[in-house]
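Here's a friendly walk through one protein model. Take a look at the sequence and the structure first, and then we'll go through some details together.

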Amino acid sequence: MPHRFAPILSVLDHTPSGMCLIDHEFKIVYWNACLEQWTLLTRDEVLGFTLIECFEHLNKLQYRSRLAAVLRGGPPAVFSSQL
């Protein structure tokens, strides 16, 4: 992430909710500390990879179409495979 976003990302890193930022190709560009704790996947393990590469169950049609619909609306968006 560009340096100009560092203050914002620092705040997100201290939230008690898991947050990640993805680009239009579903590539993970930010992964907060809460997600590291929840998933046991470090930033180094996920940054630059797609959500589907990290979580194969998201390759199911129901999730792929939901992810596409969320991203079509433009950022910011919320998605949870728990829904």
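A residue is called buried when its relative accessible area is under 20%, exposed when it is over 50%, and partly exposed in between (1.4 Å probe, protein chains only). At 15% relative accessibility, then, Thr-50 counts as buried.

A quick word on the ground rules. This is a predicted model with residues numbered from 1 along each chain as its sequence is written. Local features need pLDDT of at least 70, side-chain atom pairs count only at pLDDT 80 or more, totals for chains, interfaces and linings use all residues, and side-chain values use heavy atoms, with hydrogens and water left out.

**Around Thr-50**

Helices (H or I, at least four residues) and strands (E, at least two) are DSSP runs, numbered from the N terminus. You'll find Thr-50 in the loop between helix H3 (43–46) and helix H4 (51–54). Thr-50 sits 24 residues from Phe-26 in sequence, yet their C-alpha atoms are 5.0 Å apart in space. Contact means heavy atoms within 4.5 Å. By that rule, and leaving aside neighbours within four places in sequence, Thr-50 is in contact with Glu-25, Phe-26, Lys-27 and Ile-28.

**The hairpin**

Two strands pair if DSSP finds at least two bridges between them. Here strand S1 (residues 20–22) and S2 run antiparallel, joined by three bridges. Leu-21 stands opposite Tyr-30 in S2. The hairpin of S1 and S2 has five residues between the strands, and Phe-26 takes a positive phi near 70° there.

**Asn-32, tucked away**

Asn-32 is buried, with a relative accessible area of 0%. Its side chain reaches the backbone oxygen of Leu-12 at 3.1 Å. Not counting residues up to four places away in sequence, Asn-32 touches several others, including Asp-13, Thr-15 and Arg-43.

**Salt bridges**

A salt bridge is a side-chain nitrogen of Lys or Arg within 4 Å of a carboxyl oxygen of Asp or Glu. The structure holds two of them:

| Salt bridge | N to O distance |
|---|---|
| Asp-13 and Arg-43 | 2.1 Å |
| Lys-27 and Glu-25 | 3.8 Å |

Asp-13 lies in helix H1 (residues 6–13) and Arg-43 in helix H3, so this pair ties together parts that are 30 residues apart in sequence. Arg-43 is partly exposed at 23% relative accessible area. In the other pair, Lys-27 is partly exposed at 32%, and Glu-25 is partly exposed at 43%.

**The core**

A nonpolar core is a set of buried Ala, Val, Leu, Ile, Met, Phe, Trp, Tyr and Cys residues joined through side-chain atoms within 4.5 Å. The largest one has eleven residues, among them Phe-26, Ile-28, Trp-31, Leu-51 and Leu-67. S2, H4 and helix H5 (61–72) each supply at least two residues of this core. In soluble globular proteins, nonpolar side chains tend to be buried together. Ile-28 touches Leu-21, Val-46, Thr-50 and Cys-54, to name some of its contacts beyond four places in sequence.

**Cysteines**

How many disulfides does a search of the whole structure find? Zero, with a disulfide being a pair of cysteine sulfur atoms within 2.5 Å. For Cys-54, the nearest cysteine sulfur is that of Cys-20, 9.2 Å away. Cys-34 is buried, with a relative accessible area of 7%.

Methods:
Polar contact = N/O pair within 3.5 Å; in protein donor to acceptor, adjacent residues only side chain to side chain.
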